[in-house]
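Trainee: I am new to this one. Please show me the model, and then I will ask about it.

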Amino acid sequence: MRNRFALLTLLLVSGCAPIKHHRTHTQNPPVPVVTDLKSYYDAVHFAIQTQFFDADHFIGKTCQIDIDLDDKGQLSGVHMRTGDLSLCTVALYAAKHAELPAPPSAEVHEKTKHMVINFAPQ
């Protein structure tokens with residue numbers, strides 16, 4: 001009876017271990033400063049890349065996704081355009097969970113409200 005209780009306790013405690021996501025990159029580059037169209041585009045890419053895990057599994061594959069952004073930079077739509085289904089699934093997840101920056105101006109928003117993002121891990 002005592003052994004069963006110990007085994008049950010061990011099983012319950014082991015189920016509480018946190019799930020770890022493996023990142024392929026240990027250091028992220030610094031967050032881009034958003035001041036113009038190019039820096040905003042870079043910042044959106046950076047935000048999505050920080051949510052992209054296990055890129056090494058997708059080397060040699062490509063994917064294009066379409067994202068739609070509102071005037072505050074929040075994702076209002078995202079879908080797969082073309083490419084490897086497994087990579088695109090991860091890319092869509094990354095886009096949906098990224099903390100995207102607000103565009104620096106109405107003009108930048110107008111040019112970036114519909115973006116095509118290419119994924120091609122190397």
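Trainee: What share of the 122 residues counts as buried?
Mentor: This is a predicted model: local features need pLDDT of at least 70, side-chain atom pairs count only at pLDDT 80 or more, and totals for chains, interfaces and linings use all residues. Residues are numbered from 1 along each chain as its sequence is written, and side-chain values use heavy atoms, without hydrogens and water. Buried means under 20% relative accessible area, with a 1.4 Å probe and protein chains only. Of the 122 residues, the buried share is 30%.

Trainee: How many aromatic pairs does the structure hold?
Mentor: Rings of Phe, Tyr and Trp (its six-membered ring) pair if their centres lie within 6.5 Å; planes under 30 degrees apart are stacked, over 60 edge-to-face, the rest tilted. By that rule, the number of aromatic pairs is 2.

Trainee: Why is the pair of F52 and F58 edge-to-face?
Mentor: The ring centres of F52 and F58 are 6.2 Å apart. Their planes meet at 65°, so the pair is edge-to-face.

Trainee: How many residues apart are F52 and F119?
Mentor: F52 and F119 form a stacked pair, 5.5 Å centre to centre with 20° between the planes. F52 sits in the loop between α2 (37–49) and β1 (63–69). F119 is in strand β3 (residues 114–119), and the separation is 67 residues.

Note on methods
Helices (H or I, at least four residues) and strands (E, at least two) are DSSP runs, numbered from the N terminus. Buried means under 20% relative accessible area, exposed over 50%, partly exposed in between (1.4 Å probe, protein chains only).
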